[in-house]
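The sequence and structure come first.

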Amino acid sequence: MSISQDTKELNSYINKKVDIESVASFKGNEHIIKLNLKFDINQMREALDEVKAMSEFKTAASGFHALAMTRRKNSSVESDNNLVGRYYTRLDDSYEEIAKDELVDEGSFTELVEVFKGTYFETIHKELSARYPVGRVRILEKDSFNCNSWHRDPEPRIHIPIYTNPGALFIVNHHCTHLPADGSVYFTDTRGYHTALNGGDESRTHLVATLAYPEYKP
């Protein structure tokens with residue numbers, strides 16, 4: 001191509017209208033879907049204050065803090081792999097996929113951790129469990145200016161944002177969107193490669209429920 005053609009081509013991109021509005025809202029696709037179910041965001045935040053007054057988040061990875069909401073029957077949270085389980089990733093430019101950590105029997109996480117009993121989170125757990133095969137449920141907090149690893153999980157997840165900011169984004173198979181914290185419930189097909197990032201000034205907090213379906217094997 002000639003210099004003038006190259007210049008004309010670039011100018012055609014420069015002169016297009018830039019979307020700076022829709023990025024502040026939810027834009028779903030087949031990997032990230034807003035469900036019909038919805039909870040009271042104010043009651044969730046009040047319940048989180050109650051729980052945090054009696055318990056502490058544990059750091060599961062850099063910038064990633066977790067609080068187990070469910071556990072195996074007749075076992076302690078501390079003795080179980082409640083916070084981190086099996087995931088798959090690619091570490092280098094060979095692009096070879098490897099498995100990390102132990103596979104978790106999600107269906108065995110049927111009991112609510114004591115600190116959550118009697119709070120609005122118990123209502124949420126009952127409503128989710130009545131509809132879906134729910135396994136581990138955790139409250140996950142992500143520091144500002146931080147990103148999770150690029151990986152896939154054996155099972156999909158339910159996300160319910162409790163606190164967020166416009167710079168908190170969720171990406172599945174290269175589809176990126178913001179999940180507003182308004183009580184909405186989102187199906188996230190984390191069987192595909194995904195990450196969560198928080199590019200905002202404030203931390204991001206989600207309730208995350210693993211769906212206890214059999215492990216997805218490509």
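The model is predicted: local features need pLDDT of at least 70, side-chain atom pairs count only at pLDDT 80 or more, and totals for chains, interfaces and linings use all residues. Residues are numbered from 1 along each chain as its sequence is written, and side-chain values use heavy atoms, with hydrogens and water left out.

Rings of Phe, Tyr and Trp (its six-membered ring) pair if their centres lie within 6.5 Å; planes under 30 degrees apart are stacked, over 60 edge-to-face, and the rest tilted. The count comes to four aromatic pairs, including the two tabulated here.

| Pair | Centre to centre | Angle between planes | Type |
|---|---|---|---|
| Phenylalanine 39 and tyrosine 120 | 6.4 Å | 80 degrees | edge-to-face |
| Phenylalanine 116 and phenylalanine 121 | 5.6 Å | 75 degrees | edge-to-face |

Phenylalanine 39 lies in the loop between β1 (32-38) and α2 (41-54) and tyrosine 120 in helix α3, so their pair ties together parts 81 residues apart in sequence. Helices (H or I, at least four residues) and strands (E, at least two) are DSSP runs, numbered from the N terminus. Phenylalanine 116 and phenylalanine 121 are buried as well.

In α3, the buried residues are Tyr120, Phe121, Ile124, His125 and Leu128. Seen down the axis of α3, they fall within an arc of 140 degrees (taken from the directions from the helix axis to the C-beta atoms), so they line one face of the helix. Lys126 and Ala130, on the other side of α3, are exposed.

How values were computed. Buried means under 20% relative accessible area, exposed over 50%, partly exposed in between (1.4 Å probe, protein chains only).
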